[in-house]
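Please have a look at the model on the screen before I start talking about it.

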Amino acid sequence: MAASAKRKQEEKHLKMLREMTSLSPNRKCFDCDQRGPTYANMTVGSFVCTSCSGILRGLNPPHRVKSISMTTFTQQEIEFLQKHGNEVCKQIWLGLYDDRTSSVPDFREPQKVKECLQEKYEKKRWYVPPEQAKVVASAHASISGSSNSSTNSTPEVRPLKSLLGESAPTLHLTKNTPQNQSPVVSRGQPHQQQFHEKKFDLLSDLGGDIFAAPTNVNTAASSGFANFAQFNSHTSCIKVNRWSDMKWKMRTKLF
């Protein structure tokens with residue numbers, strides 16, 4: 001009975017560990033970002049890969065690591081890992097870490113990973129006390145969020161009527177409008193009617209459509225306009241009559 005109860009307890013703990021490693025922050029090694037951590041760092045409460053677990057054992061002081069699938073965990077150890085995990089460890093051991101000036105070492109370069117772990121745990125270069133970790137993390141999040149919003153922000157698109165009210169102009173795009181030409185902006189139907197009225201008055205002032213075919217001379221004369229087409233012929237008749245009068249006077253003087 002005791003053996004079966006112990007086996008059930010171990011299976012329960014293993015299931016809880018798998019659930020914790022399935023969380024997004026715990027899917028990668030806390031120390032080198034390698035996918036699929038297989039060990040638990042019981043000194044700080046993080047989840048790490050196999051290569052980092054060997055480096056952690058060689059630090060001063062050494063860290064206590066346990067295999068997730070090859071060893072058993074007590075109830076206290078499970079509760080410790082539940083309270084920590086990679087996210088909480090990041091706030092504590094990387095609280096002062098700046099992603100813009102530093103980068104996580106590649107897990108394929110063990111020497112650089114070892115130097116980074118020595119800076120992290122032995123020298124506590126980026127360490128923040130647990131009671132201050134959440135405050136520092138929230139401050140970093142607000143600073144990074146404001147910087148990202150200032151660099152990647154896009155103007156809010158709002159309807160024109162919400163800004164200018166009912167007097168906002170409407171846009172009319174005709175079928176013949178080229179793609180590189182802006183649409184015509186108008187303020188409603190009354191403005192268009194005024195434009196047509198002005199156009200009609202202008203044509204009437206010019207005496208009709210200037211592009212229309214020329215009217216007949218007789219039609220223009222009957223409508224009251226002067227018949228300029230017959231002006232030259234009328235003047236010629238007057239000159240001929242005067243010349244005839246002068247010849248008749250000269251003949252009367254001779255005879």
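Predicted model: local features only at pLDDT ≥ 70, side-chain atom pairs only at ≥ 80, totals over all residues.

Cys 52 is buried, with a relative accessible area of 1%, where buried means under 20% relative accessible area, exposed means over 50% and partly exposed lies in between, with a 1.4 Å probe and protein chains only. Residues are numbered from 1 along each chain as its sequence is written, and side-chain values use heavy atoms, with hydrogens and water left out.

How far is the sulfur of Cys 52 from the closest cysteine sulfur? The distance is 3.6 Å, to Cys 32, and that is too far for a bond, because a disulfide is a pair of cysteine sulfur atoms within 2.5 Å. The structure accordingly holds zero disulfides, and Cys 32, which is in none, also counts as buried, at 4% relative accessibility.

Cys 52 is one of the buried residues of helix H2, residues 50-57, together with Ser 53, Ile 55 and Leu 56; helices here are DSSP runs of H or I with at least four residues, strands are runs of E with at least two, and both are numbered from the N terminus.

Let me turn to another pair of helices. Helix H1 (residues 2-21) and helix H3 (residues 75-83) pack at an angle of about 10°, with their axes 11 Å apart; axes are lines fitted to C-alpha atoms, for helices over the stretch in contact, and angles run from 0 to 180 degrees between N-to-C directions. That makes H1 roughly parallel to H3, since angles under 35 degrees count as roughly parallel, over 145 as roughly antiparallel, 65 to 115 as roughly perpendicular and the rest as oblique.

Within H1 we find His 13, which is buried, with a relative accessible area of 4%. Not counting residues up to four places away in sequence, His 13 touches Phe 73, Thr 74, Gln 75 and Ile 78.

Key. Contact = heavy atoms within 4.5 Å.
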